Amino acid sequence: MPCTVVFTPKYRRKAIYGQIRSDIGEILRRLCEHKGVEIIEGHLMPDHVHMLLAIPPKCGVSSAMGYLKGKSSLMIFDKHASLKYKFGNRRFWAEGYYASTVGLNEATIAKYIREQEAADIALDKLSVKEYSDPFKK
C-alpha cells in the first residue's frame, strides 16, 4: 500500500535548491531503487521533501525512512563538503518525518505533490497584504 512521507532539512533551512536539489533527487532515487521502494511521485521543495512511496511489506516505513535519511545525508555531505559548516555532525535531515498511508485517493495525492510548488507560489501571491499604519487616520 502506498504511503506519503514528508521530511525536512535540519532546522528547516531552505537548503534544497540549485545543484543540491538535483543531487538530492538522484541520491533518493538510487537509494529507493536499491531498497526496492517505488517512488510513485516526489517533489523537492526548498524546505522539505514530499514523496508518495510504495514500500514493500518486508521493509517497514520506519526502516525505509531511516535508511533513506541516513544514507542520503552521508551521500549529500560527501558530494557537497561545504555543507558541513552549516549543518555540522553530518546530519542533513531533521529528526523525524511524517508518514501516512494512502487508500483510494492515491491519484489525488500524487497530483497534489506534483503541483504543490505552483500552488504555494500562487498562494503566496494572493496573500500579499497592503499594510496600513494604525496611527494614521
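A residue is taken as buried when its relative accessible area is under 20%. By this criterion, strand β1 of the predicted model, which spans residues 2-7, is mostly covered, with six of its six residues buried.

Strand β1 has two pairing partners. With strand β3, formed by residues 49-54, β1 pairs in the antiparallel sense over six bridges.

The aromatic residues were examined next. A pair of aromatic rings is described by two quantities, the distance of the centres and the angle of the planes. Three aromatic pairs were found in a search of the whole structure. In one of them, the ring centres of Phe 7 and Trp 93 lie 4.8 Å apart; the planes stand at 80 degrees, and an angle over 60 degrees counts as edge-to-face, so this pair is edge-to-face. Because Phe 7 belongs to strand β1 and Trp 93 to the loop between α3 (84-87) and β4, the pair ties together parts that are 86 residues apart in sequence. Phe 7 has a relative accessible area of 1% and is therefore buried. Trp 93, at 7% relative accessibility, also counts as buried.

Another aromatic pair is formed by Phe 77 and Phe 92, with a centre-to-centre distance of 6.4 Å and 75 degrees between the planes, an edge-to-face arrangement. This pair links distant parts of the chain, since Phe 77 is in helix α2 (residues 61-79) and Phe 92 is in the loop between α3 and β4, 15 residues apart. Phe 77 and Phe 92 are both buried. Taken together, Phe 7, Phe 77, Phe 92 and Trp 93 make up one aromatic cluster, to which strand β1 contributes Phe 7 and the loop between α3 and β4 contributes Trp 93.

A contact between a charge and a ring was also found. The charged end of Lys 35 sits over the ring of Tyr 67, at 4.8 Å from the ring centre.

Notes
Residues are numbered from 1 along each chain as its sequence is written. This is a predicted model: local features need pLDDT of at least 70, side-chain atom pairs count only at pLDDT 80 or more; totals for chains, interfaces and linings use all residues. Side-chain values use heavy atoms; hydrogens and water are left out. Buried means under 20% relative accessible area, exposed over 50%, partly exposed in between (1.4 Å probe, protein chains only). Helices (H or I, at least four residues) and strands (E, at least two) are DSSP runs, numbered from the N terminus. Two strands pair if DSSP finds at least two bridges between them. Rings of Phe, Tyr and Trp (its six-membered ring) pair if their centres lie within 6.5 Å; planes under 30 degrees apart count as stacked, over 60 as edge-to-face and the rest as tilted. A charge sits over a ring if NZ of Lys or CZ of Arg is within 6 Å of the ring centre and within 35 degrees of the ring normal.
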